[in-house]
Amino acid sequence: MKIKVSNTNTPTWRNITVKSELPAKLKKLEELSKNLWWVWNSEAKTLFHDLDRDLWRSTGENPVLMLQKMSYERFDEIVNDKEMMARIESVYKNFKAYMKVPMRKDIPSVSYFSMEYGLCSALKIYSGGLGILAGDYIKEASDRCVDMTAVGFLYRHGYFTQTLSLDGQQIANYEAQNFNQLPIDPVLDENGKQMILEVPYPGRTIFANIWRVNVGRMKLYLLDTDIDMNSEWDRSITHQLYGGDWENRIKQEYLLGIGGVLMLKKLGIKNEIYHCNEGHAALLNLQRLVDYVQEDGLSFNEALEVVRASSLYTVHTPVPAGHDYFDEGLFGKYMGEFPAKLGISWADLMNMGRENPDSEERFSMSVFALNTCQEANGVSWLHGEVSKKMFQGVWKGYAPEESHVGYVTNGVHMPTWAASEWKEFYSNEFGADFTERQEDEKTWAPILKTPDQEVWNMRMRMKNKFINFVKRDFSETWLKNQGDPTRIMSIVDKINPNALLIGFARRFATYKRAHLLFSDLDRLEKIVNNPQFPVQFIYAGKAHPADGAGKDLIRRIVEISKMPQFLGKIIFLENYDMTVSKRLITGVDIWLNTPTRPLEASGTSGEKAEMNGVLNFSVLDGWWYEGYREGAGWALTAQRTYQDQGQQDKLDAATIYSMLENEIIPLYFAKNSRGYSPEWIQYVKRSIATIAPHYTMSRMMRDYIDRFYTKEADRSKKLKANNFALAKEIVAWKENVVEKWDGVHEVDVQLSESLKHSTNDGAPIEATIKLDTAGLGKDLGVELVVYRDEDGQQKFHRVIPFEVVAEEGNVLTYHMKQNTKESGVFRFGFRVFPWNENLPHRQDFAYIKWL
């Protein structure tokens, strides 16, 4: 027998985390590190930073990992440092006082579902604006003592880490997170073992670990399928945020919605309102429907009435293409068992996700959300109007102007995004309790009387802090990835605190139009190379790995930044994350935003800049459409001159150059003998005083409570009372209307002469309609719907209601008389609709018959 040179099988590796054991006197640090309160409490964050500055940076500002890596020698030094121990005690005392305040009972409790949460750079469960907003929202829930529970995923790889090749190509690196090193805790069962959720998928059960993130006073629960109990096929469900194919996406959305509701039940958490942050989580209402049918014995229609009354859908996407749609075959593969559970047909379920029922359309998660949520909202006033038009087809017969779809303009969590230096400054100027009054313009008004020099000193302090951050954190990366040390050091040396710094950082989607600034390189070269008025542009952002156009845009900007005339004048900072973002939005002078109108649903980076005395220069879109104040920033017009987007881009680029050359740059450099521009400081002051208060997360939270949560919770309680008596009554009424609807028809229509002719000299309009109500009687309303011709387009104008003036059996006579002094070209129609005072709005039961 021949002896082989080697014989070995594949090794089986097992992970173990060995960490330093904290001395008893430092156990309070461990508790602090496991609650993300430290993220927005400057004293706590500075404390962790000062424990070991180099280790804090090298661990990505992760206090859990930092404490695990800290040496015993350093622990001993801290214990023997009386000043440091006093600081630890002080921060811990403040933390416990914060945690001691109970949740409010005068506002509804909320379950909040989102695919991503941006809480801190160390916890990679976010990709961009949607996640940052969700993270800010639950932080504010903690600050405002809102009884909110959040649901999401713990991603093994999260979103990618970005590096750039020598030629500017984006490289996406997916780095696995070690959950033992994160500021999270496993949820334990009664036996002290990690709680595992069983989620029934077709033909199998998928298991998920349950983790908890302590976000101040509130809890975020995360599901994680990357465990041995699952197959390789299913372990990957929570591997990547927005990763994989459409089948993985539906598995994720199944887990988030259906699994999320099952998790809350397992945890014993029952809340009044269910808030769906984007359509990804819409299936939460499918599981809730099943629960009401199977556990409470309600019919499907009764369950739907109850579920709708306590559900809110927030849409963040302004175009239909941005929503999730699933082919019927794929949707059926995962949802095929649900109709039987609900007592409905497969067609019934599919139609809940189709704008046009009984069509061949794919299943839309957004349409399903609209059909199972009483209320829906966009994320700015303009986006609300866009959403009304986008969803018009769901409630045919109603104009977008009549839609119940509302809006809450996004805000930002000021304690997170205002630099610690600014928070201290505001505290001195506005009072130590200013965060409790941050929504009120009066709170911020004292900034108008603050000496100009003090404001300028703050701005320069933040610019220098940003520049030092770039030099410290990016020099090494640039040397590693970009080659030519001489050129790299030249870039670093050219970053100038005396220059006008303009920042542009966001997701590199094509509609964001990062390319506008580079439309005319000759003109740009003159702007950045004027020795009297130095200007530098700082870019950052990631493109989705599948977005070739976005990646090409990054490559082009990096290519331009390496041209001799732009070296050190156009700078691209790679791996844009929350840490880079905060340094940028606090350190530049101007925040530039150039989206294609009206594709910016809201945008929040500019709001963060506002909290730090950074001025906005943006298209009038999203939040800036509402936020812009003359003399407190700059705006590109909201009006479109060209239908051709290429021509519009050229015009907008020329406008940007012109405004920079003729307004912004001269204003910044109109400096006095003290080295600053007094008028520029007035812009900064007006911006802080008149814009910042209106775009805080505190204001946004109040808007959700006032506009949606309270209203829905009140109605939901009424529907559920006395064994769902009112819900059952409404359903019985709706079913009666549906049964008799086809029998409703007009008997006679009499119009005044003023309505019969094409011209009208201002005489009153009058109409009498006899309607066979098929036994529905006064449950039917009649109205005149008027559209007006405006520049060749028919625009909704008004609705004039009829009154019932006679009743003969099933035949009711409706009458309308209206004085009119309006001139123009109009068209009108008569609309019949079912009416019930217990409905929340007309789109709740959108039956319409035109006469």
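The structure is a predicted model, in which local features need pLDDT of at least 70 and side-chain atom pairs count only at pLDDT 80 or more, while totals for chains, interfaces and linings use all residues. Residues are numbered from 1 along each chain as its sequence is written, and side-chain values use heavy atoms, with hydrogens and water left out.

## Nonpolar cores

A nonpolar core is a set of buried Ala, Val, Leu, Ile, Met, Phe, Trp, Tyr and Cys residues joined through side-chain atoms within 4.5 Å. Buried residues have under 20% relative accessible area, exposed residues over 50%, and partly exposed residues lie in between (1.4 Å probe, protein chains only). The largest nonpolar core comprises 172 residues, and the members with the most contacts inside it are Ile138, Met148, Leu220, Met335 and Tyr709. Helix α30 (residues 697-740) gives the most to this core, namely 15 residues. Another core lies apart from it and has 93 residues, including Ile502, Tyr539, Tyr576 and Trp680. Helices (H or I, at least four residues) and strands (E, at least two) are DSSP runs, numbered from the N terminus.

Contact means heavy atoms within 4.5 Å. When neighbours within four places in sequence are left aside, Ile138 is in contact with Tyr112, Tyr117, Leu119, Met148, Ala150, Val215, Met218 and Leu220.

## The second largest pocket

A pocket is found on a 1 Å grid over the protein atoms alone, as an open set of points where a 1.4 Å probe fits, with protein on both sides within 12 Å along at least five of seven lines; lining residues have an atom within 4 Å of a point. The second largest pocket holds about 1000 Å³ of space. Its lining consists of 27 residues, and Leu304, Asn371, Asp844, Phe845 and Tyr847 lie nearest its centre. The elements that give two or more residues to this lining are α12 (300-309), α15 (346-351), α16 (365-372) and α30. Of the elements, α12 gives the most, with 5 residues. By class, the lining has 13 nonpolar, 5 polar and 9 charged residues.

## Covered helices

Helix α12 is largely enclosed by the rest of the structure, because 9 of its 10 residues are buried. The buried residues of α12 pack against α11 (284-296), β10 (311-314), α14 (338-342), α16 and α30. Helix α16 is also mostly covered, with 7 of its 8 residues buried: Met365, Ser366, Val367, Phe368, Ala369, Leu370 and Thr372. In helix α25 (residues 578-587), 10 of the 10 residues are buried.

## Single residues

Asn612 is situated in the loop between α26 (605-610) and β19 (615-619). Its relative accessibility is 0%, so Asn612 counts as buried. Neighbours within four places in sequence aside, Asn612 is in contact with Trp417, Ala418, Ala419, Trp422, Tyr426, Arg459, Ile585 and Thr586.

Gln645 belongs to helix α28 (residues 645-668) and is partly exposed, with a relative accessible area of 26%. Leaving aside neighbours within four places in sequence, Gln645 is in contact with Arg513, Thr596 and Arg640. Gln645 and Glu77 are 568 residues apart in sequence and 63 Å apart in space, C-alpha to C-alpha.

Asp358, a residue other than glycine, has a positive phi near 65 degrees; Asp358 lies in the loop between α15 and β12 (363-364) and is exposed, with a relative accessible area of 64%. Asn575, likewise not glycine, has a positive phi near 55 degrees. Asn575 is located in the loop between β17 (570-573) and α25, and at 21% relative accessibility Asn575 counts as partly exposed.

Methods
Grid points are joined across faces, edges and corners, and a volume is the space filled by probe spheres set on the points. Ala, Val, Leu, Ile, Met, Phe, Trp, Tyr, Cys and Pro count as nonpolar, Asp, Glu, Lys and Arg as charged, and the others, Gly among them, as polar.
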